[in-house]
Every structure is written in C-alpha cells, then in structure tokens.
Amino acid sequence: METIVNQNLKGVVTINTQTATLNPTDTLVLEKPSVEDGSAMWELVNNSSLDQNSAYKYIMMCEHFAETCVVAKEEGKVVGFVTAFIPPERQDVVFVWQIGVDSSQRGKGLASKILNELFDRDACRDVRYLEATVTPSNEASQALFKKFATEHHTTCEVTECFSKDLFPSDEHEAELSFLIGPIEK
C-alpha cells in the first residue's frame, strides 16, 4: 500500500484523514521501503543528529520489516522514514525504532504523517499501542509522540527504560520509554 499525496491547485492536500498545505510543485509519496531505500535512509541519518546505525540495519529493516516501515519520498528522493516492528510477544504494540526527517522537510508535519501512515497499515490492524524510546534531550521526538497521543485521544506514559550506565559510552543518555495507547481505530 502506498499513499500518494497530490495537491490541488490551491496547495491543499488530503492524506488519509489529514490535510496539509504544500508548495504548488510538491508531490510526496508515503510507501513501504524497498532494500534500495536502505542506503538513502542511512544517509539521511548520517546527515542528522539521530543515533547512527549501520547501513546494514536499514537494509535489513526494509527487507524484513517493510510492512511496519514507511519512507516518504519527494520526486523519488527519500526525505523521511520510520523504522518500526511489532514485537513477537506483544502483537498489540508497534515499536518505533527510529524516525527521521530531512532538514528540507522539517516543520511541515511530515513525522506525524509518517507515524499515522504506519499506524493505518494493515500490518498494524491489531495494534493498540505505539512504543518508542527517546533520550531526555530529544525534545522534538518527545513532542512528536505526545502530540500523537493527543491527536489519538489517548495517554502517553513516560518511564525510564534504559539507564545511562547500561551504555558502554558516557556519551549516551538514558532512554525513556514512551507508551501511547490504547489507540482506537
């Protein structure tokens, strides 16, 4: 399933049930990633402040978890993505591993659109909770997940997930767990 976002002459588009204003020449496509998208996702991360994973991780996510990953493309270029999976022992949860948005797209609500596209996927039909971990200093991701909870009229429970002392480097902060739900469909 892919969501194609085409605008009308006034620059207003409807994505599923969301409306967004785009520039007159913008065409944005939200779709399942292919293994060919993995390197572009890796490059997007390497040009940002996100935690860096190997290129192999992104290719593997595209290969084995495409149903629960989303790429946003503008004119064929990856400008945003989410990597996520449904834990085998918790089929009512989708765990968001990472979400990234190219600097050219920030402030346009793309991260929210990507999360909603993920949640609307057939693979997530039994999912009632969205979970993610976020560092205390990542205010943008914290705001994104809290906004997602508000838009879906549910709660966002924040607890410590992994303490700082679990990480091999002093550079990594603790990770907070964000559990959003239950989400009605």
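This is a predicted model: local features need pLDDT of at least 70, side-chain atom pairs count only at pLDDT 80 or more; totals for chains, interfaces and linings use all residues.

**First stop: the largest pocket**

Begin by selecting Leu50, Ile99, Asn138, Ala140 and Ser141. Of the 35 residues that line the largest pocket, these are the closest to its centre. The volume of this pocket is about 950 Å³.

Next, colour β7 (93–101), α3 (110–120), β8 (129–134) and α4 (139–151), each of which supplies at least two residues of the lining. Which of the elements gives the most to this lining? It is β7, with 6 residues. If you colour the lining by class, you will find 12 nonpolar, 16 polar and 7 charged residues.

**Second stop: helices α3 and α4**

Keep α3 and α4 selected, as both also contribute to the lining of the largest pocket. How are these two helices set against each other? They pack at an angle of about 55°, and their axes are 11 Å apart. The crossing in which α3 passes α4 is right-handed.

Now show the side chains where the helices meet. From α3, select Ala111, Ser112, Leu115, Asn116 and Phe119; from α4, select Leu144, Phe145, Lys147, Phe148 and Glu151. The residues of this contact comprise 6 nonpolar, 2 polar and 2 charged.

Move to helix α1, residues 38–46, and helix α2, residues 55–64. Here the packing angle is about 135°, with the axes 8 Å apart. The helices α1 and α2 are therefore oblique to each other, and their crossing is right-handed.

Select Gly38, Met41, Trp42 and Val45 in α1, which meet Ala55, Tyr58, Ile59 and Cys62 in α2. What classes of residue make up this contact? There are 7 nonpolar residues and 1 polar residue, with no charged residue.

**Fourth stop: two points of the backbone**

Most residues other than glycine have a negative phi, and most peptide bonds are trans. With this in mind, select Glu75, in the loop between β5 (70–74) and β6 (77–85). Glu75 is not a glycine, yet its phi is positive, at about 50°.

Finally, go to the segment after β10 (175–180), where Pro182 is found. Is the peptide bond that joins Gly181 and Pro182 cis or trans? It is cis, with an omega of about 5°.

Definitions and conventions:
Residues are numbered from 1 along each chain as its sequence is written. Side-chain values use heavy atoms; hydrogens and water are left out. On a 1 Å grid over the protein atoms alone, a cavity is a set of points where a 1.4 Å probe fits but cannot get out, and a pocket is an open set with protein on both sides within 12 Å along at least five of seven lines; lining residues have an atom within 4 Å of a point. Grid points are joined across faces, edges and corners, and a volume is the space filled by probe spheres set on the points. Helices (H or I, at least four residues) and strands (E, at least two) are DSSP runs, numbered from the N terminus. Ala, Val, Leu, Ile, Met, Phe, Trp, Tyr, Cys and Pro count as nonpolar, Asp, Glu, Lys and Arg as charged, and the others, Gly among them, as polar. Axes are lines fitted to C-alpha atoms, for helices over the stretch in contact, and angles run from 0 to 180 degrees between N-to-C directions. A crossing is left-handed if the near helix is turned anticlockwise from the far one by less than a right angle, and right-handed if clockwise. Contact means heavy atoms within 4.5 Å. Angles under 35 degrees count as roughly parallel, over 145 as roughly antiparallel, 65 to 115 as roughly perpendicular and the rest as oblique.
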